[in-house]
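Colleague: I'm new to reading protein models. Could you walk me through one, feature by feature?

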Amino acid sequence: MDPTNKPFWRDRPLEDLSQDEWESLCDGCGRCCLNKIEDEDTGDIHLTRLACGLLNIGTCRCSDYANRQAKMPDCVQIDPEKVRTLSWLPKTCAYRLVGEGRDLYWWHPLVSGSKETVHQAGISVRGLARSENGVKIDAYWRYIIKDFERED
Ligand code: SF4
Ligand code: SF4
C-alpha cells in the first residue's frame, strides 16, 4: 500500500508500475486470448470463442506465459501504448480500466483477494472458450460471438 493509502493502480499511471504490479493487474479473464477475425471488406473485428491454443480454458491462464511470444508469435504483448490503441481490448480489462482512470471491479483478484471471483462473476471465458486446436481457419466464422459486455 502506498503512503497515500491508495492502492497502486489508483495512485500511479500504467507507465509507472513495477513489473510485479503490472503482472498482478491482469485479472486472469482470458478474454484477450480469444481469436478475432477481421472482415477484409469492412475492417470490422469479430470476436470468436476460440481461444489461443496455449490458453488453459479451465484456469483461463496462459499455459506457457514465459515462452508465449516464441510459441505464439501472434500473441499481443500488452503495454501502456497498446492499452490506449487496441480497440478490441475488453472493456473489463484491468489495464484498460486503469488506463481510463477507472477503478477495478469487486471481482478483480486484487480487490476480492481471490482468483476465483473473476470466474464466479461470469467475467472470464471459463465455460465459454473452446481451444482453437484442431479447428480449421476457414471454420473460425462458426464460432463468432457477440462481445460479452457484462462488467459487474
Ligand atoms: S483482458 Fe486484460 S485483464 Fe483480462 S486476461 Fe487479458 S490482459 Fe488480463
Ligand atoms: S500465448 Fe498465452 S497470453 Fe498469448 S494469446 Fe495465447 S494464451 Fe494468451
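Colleague: What should I know before I start?

Modeller: This is a predicted model, where local features need pLDDT of at least 70, side-chain atom pairs count only at pLDDT 80 or more, and totals for chains, interfaces and linings use all residues. Residues are numbered from 1 along each chain as its sequence is written, while chains are lettered from A and ligands numbered from 1 in the order in which they are written.

Colleague: How many helices and strands does the protein have?

Modeller: Helices (H or I, at least four residues) and strands (E, at least two) are DSSP runs, numbered from the N terminus. Here that gives 7 helices and 5 strands. Starting at the N terminus, the elements go α-α-β-β-β-β-α-α-α-α-α-β. The radius of gyration is 16 Å, close to the 15 Å from the globule rule for 152 residues, so the protein is as compact as a globular protein of that length. That radius is taken over C-alpha atoms, and the globule rule is 2.2 Å times the number of residues to the power 0.38. Along the principal axes, the C-alpha trace spans about 55 × 30 × 30 Å.

Colleague: Which strands form the open sheet, and in what order?

Modeller: Two strands pair if DSSP finds at least two bridges between them. In this model 3 strands make an open sheet with mixed pairing, in the order β1-β2-β5. β1 (34-38) and β5 (130-131) are the edges, each with a single partner strand, so one side of each has no neighbour in the sheet.

Colleague: Which residue has a positive phi although it is not a glycine?

Modeller: That's cysteine 60, with a phi of about 65°. You'll find cysteine 60 in the loop between β3 (55-56) and β4 (61-62).

Colleague: Is cysteine 60 buried or exposed?

Modeller: A residue is buried if 20 or more other C-beta atoms lie within 10 Å of its own, exposed if 12 or fewer, and partly exposed in between, with C-beta atoms placed from the backbone. Cysteine 60 has 24 C-beta neighbours inside 10 Å, so it counts as buried. Buried residues make up 22% of the 152 residues in the protein.

Colleague: And how do I read a core?

Modeller: In soluble globular proteins, nonpolar side chains tend to be buried together. A nonpolar core is a set of buried Ala, Val, Leu, Ile, Met, Phe, Trp, Tyr and Cys residues joined through C-beta atoms within 7 Å. The largest one here has 24 residues, and Ala51, Leu55, Ala94 and Val125 have the most contacts inside it. β2 (45-51) and α5 (94-99) are the elements that give two or more residues to this core, and α5 gives the most, with 4 residues.

Colleague: What is alanine 51 in contact with?

Modeller: Two residues are in contact if their C-beta atoms, placed from the backbone, lie within 7 Å. Leaving aside neighbours within four places in sequence, the partners of alanine 51 include Gly30, Cys33, Val125 and Ala129. Alanine 129 lies in the loop between α7 (117-120) and β5, and is buried, with 24 other C-beta atoms within 10 Å.

Colleague: What surrounds ligand 2?

Modeller: A residue is near a molecule if its C-beta atom, placed from the backbone, lies within 6 Å of it. Around ligand 2 you get Cys33, Cys52, Leu54, Leu55, Cys62, Arg68, Met72 and Cys75. That shell divides into 7 nonpolar, no polar and 1 charged. For these classes, Ala, Val, Leu, Ile, Met, Phe, Trp, Tyr, Cys and Pro count as nonpolar, Asp, Glu, Lys and Arg as charged, and the others, Gly among them, as polar. The shell around ligand 1 has 8 nonpolar, 2 polar and 2 charged residues.
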